[in-house]
Structures are given as C-alpha cells and as structure tokens.
Amino acid sequence: MTVNAKTSQSAGNTWRDLPAAQQPEYPDPEALRAVIADLESYPPLVFAGECDQLRARMAAVAKGEAFLLQGGDCAEAFDGVSADQIRNKLKTLLQMGAVLTYAASVPVVKVGRIAGQYSKPRSKPTETRDGVTLPVYRGDSVNGFDFTEASRIPDPERLKRMYHASASTLNLVRAFTTGGYADLRQVHAWNQDFVRTSPSGQRYEQLAREIDNALNFMHACGADPEEFKTVEFYSSHEALLLDYETALTRVDSRTGQLYDVSAHMVWIGERTRQLDHAHIEFASRIRNPIGIKLGPTTTAEEALRYIERLDPEREPGRLTFIVRMGADKIRDKLPELVEKVTASGATVAWVTDPMHGNTFEAASGHKTRRFDDVLDEVKGFFEVHKALGTHPGGIHVELTGDDVTECVGGGDEIFVDDLHQRYETACDPRLNRSQSLDLAFLVAEMYRD
Ligand code: PEP
Ligand code: MN
C-alpha cells in the first residue's frame, strides 16, 4: 500500500504505530497491500450524511427520547447472503421494532448487526479437536470455518469478499425497507400471526390488540402517513479489522471530516477496547456514531476516559455504551458507571447487550445461552436506570429470523437436548425468531411498568 500523507485515508492511519489486538497474521503482506489498495478505490457502502442522521437519532436515544433496537447475527457468513436469510432477519427486527414503538411510545431506532459483521474477536488463538490444534476461526472476513489447516490460513482476498457481501446485503436491506415490504400494517399482521400461533402468544394478546386498535383508529381518521410505508434502518458491525475499516475511511466532501463508510455505526468490542491501543485511536478519528462494549471489569474511571477520548465535545449521539455484564453482575456493576458518567455531564446512550455475559457450554458441548438469563439481564438494566432516574436506551441482541436451536428456553421452549437439531451459528448462539419476538414483547412490558 502506498500510504501517501496527502491521501484521504492517511488521517485514518494514526493507529498504525499502536498495539492492535485480534488482527490476523497474513502470510503474504504484499497480497494484503494489494487488497487494501483495491478497497481504497471502491465506492462507499454508506454516505456520511446517513451517519450524521443516525448520530442525530442516537442523540435522541441518549436524551431519553428514543429507544435503540440493534440486532443480528453474531457472525454473518458469506454463504448466508441470501434473500431468505436477509429477509427473515429484517422481518424479525421490524416486528420487534413495531412492538417496542407502541409500548415505549417513543421512536425506535433500528440498527442491524448486518452488512459487515464478518469479523470475530476470539478468546483463544487456537482450537483443538481430537488432538489436532489449528488457528481459530476469526470470521469469514479472515479465514474459513472448516477445520482444516488450509482453511484456517488468513487470506486477505476475503476482505474484498466482505466488502461485496456487505454491499449486496445492504442493497437488499435498502430495497426491503423502502420498497413497501416494511409497511407497518404488514409488520403488525406478522405480529398478530405470531401471537396467534406461538405457545406463549396469549400472553401478548392484549398488547397486540391495543396496537391493532391504534392502527384502526388512525385509519378511521383518514391518516395514512408516509412514515408507515417505509422504515429507517441502519447498518452496524464491530470495527475489528483495522486494515479494512481504514481502507473504507474517507474524507466527507461536505465537511472535510473522516467517516468510516463501511457502516453507519461501528462499535469497539470488549477485547479491543484498551484505551491506549489501536482500536480506540481509530474510533477517535472518525465521525460515525461509535459504540463500546463494556464488560463486568470496566471501571467508572475507564468509562470517563472513553468519553474524553471519543466524545471530547460531549455531543449526544456520538457515544453509546453497550453494557454486557452478565445477569448476575449487572445490578452490582452498572450503577457506579451510570452515576459517575452522568455526574461528568456527558450524555451517552446506555444500551444493554444481554447476550455476551451469559454464554455457557451445555453438557452436549454446544455454546449456548438461557433465554431467562438474557431476560434477567435486561430486567437488571431497566432496574438500575429506574433507580437512578436515567434512561435505559436500548437493547443489542444476537438473533436470526430462522428457527434455529441455539439458545435454550423461550415461550416455544428449546431444551438442551434440542440444541443439536438446528445449531447453525458460526460463532455465538442467537435467539431464534420466536425467542426474539418473545423478548420484544417482554421488554415492551418492562418499558410500561
Ligand atoms: C460480539 O458482539 O459478538 C462480541 C464478541 O461481543 P463482545 O465484544 O462484547 O464480547
Ligand atoms: Mn457474539
């Protein structure tokens, strides 16, 4: 790669002298450089103006005037770029969004873990099966899922495949969300169908009936707002592979500022959030709305330093803290963070990720999560904010629109013995369609309490 100080990308390269965790070791640096040069020439996947719009929406979340629904796969896969899979995921998110909008009576900002979520940080660099040890799978953007030596070698060409997979996914998402498919009445009809057919459906009948009445009332008044026909939907992923993210970081011609145009929002994960390392430096240079995952060891002092580094202007919407403590820790750990951040005068958005602190290995060997733990962490999150008078800003969940069997529990209960039936995730266990809708109705109930 020619890092010309005058190129638009150069200002996004300030992280290069710092330690960067979780980066692949490519066997051929020349091949990587050629790929980066190609990526730098590709068109943006999103516009800077759209990132600004999401930042404004996130400002409403931070101020308590909107709720964030962020969800999608733990790891997208190249062979998952199909109309069915994308549609099912989107449909599930839209259904959840409709329930939450009504219950919370505030706008729900909808952001997918989609169109770029191809890279995974891992706890261990290797994986051993039947006495054979190989490099771990790091996501389709890095190496192959197959447990063979050849497939686990990092291949920079995969970065280009990530770009193209993201582009096709985003294209379909844009078509679905603006082309009539996402009409609110249609989404509500899907929810009515869920309430009718799911084993726990009667529990949600009243809420579904209220939504129905509200829509009928609007219709009877002759209201047919444009807002019902299309949906604002944004893309997000973990900004993990800094070569890729930097190659897609461009100067916005309107403002002269840098935007990572690989997604509207990017977040920094629990394993790469070291304050003096590369990922935080990269995030500090771009204007996109930024999330940081905060695990149970996060101190209030660290949280304040993230604000100094990433949100020095104290701009609501710029910074989102995505808290993932675990159901057993959130009630102990979160209050101090929220109190000290609030006292500092910063207006960040607080979002709960009730998935990553609640993962365990079942006796069958499957990595799984209990639906009840997920729900309990969300409950704890709401309790903490209620006690402090602050705003529970949203949920960040791993889900799919398909009927997989990866998490146990839920209204249509999945048991440990069922896990093998449709365990399809390339990384962490996701809520299936019915568990996701259960969660939306239950969170909606919490919001109203
Ligand atoms: C993830 O979101 O898939 C993830 C790895 O999360 P965390 O960084 O919170 O562990
Ligand atoms: Mn995950």
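In which handedness of crossing does helix 9 pass helix 10? Helix 9 passes helix 10 in a right-handed crossing; the near helix is turned clockwise from the far one by less than a right angle. Helices are DSSP runs (H or I, at least four residues), numbered from the N terminus.

This is a predicted model, in which local features need pLDDT of at least 70, side-chain atom pairs count only at pLDDT 80 or more, and side-chain values use heavy atoms, without hydrogens and water. Residues are numbered from 1 along each chain, and ligands are numbered from 1 in the order in which they are written.

The axes of helix 9 (residues 300-310) and helix 10 (residues 330-343) come within 9 Å and cross at roughly 40°. Helix 9 is therefore oblique to helix 10. Axes are lines fitted to C-alpha atoms over the stretch in contact, with angles from 0 to 180 degrees between N-to-C directions. Oblique angles are those left after roughly parallel (under 35 degrees), roughly antiparallel (over 145) and roughly perpendicular (65 to 115). Ala300, Glu301, Ala303, Leu304 and Ile307 of helix 9 meet Glu336, Leu337, Lys340 and Val341 of helix 10, with contact meaning heavy atoms within 4.5 Å.

Ligand 1 has several residues around it, among them Cys74, Arg113, Lys293, His356 and Glu398, each with a heavy atom within 4 Å. An N or O atom in the Lys293 side chain is 2.8 Å from an oxygen atom of ligand 1. For His356, a polar side-chain atom lies 3.0 Å from a ligand 1 oxygen atom. Glu398 likewise places a polar side-chain atom 3.0 Å from an oxygen atom of ligand 1.

Methods
Helix = DSSP H or I, 4+ residues; strand = E, 2+ residues; numbered from the N terminus. Polar contact = N/O pair within 3.5 Å; in protein donor to acceptor, adjacent residues only side chain to side chain.
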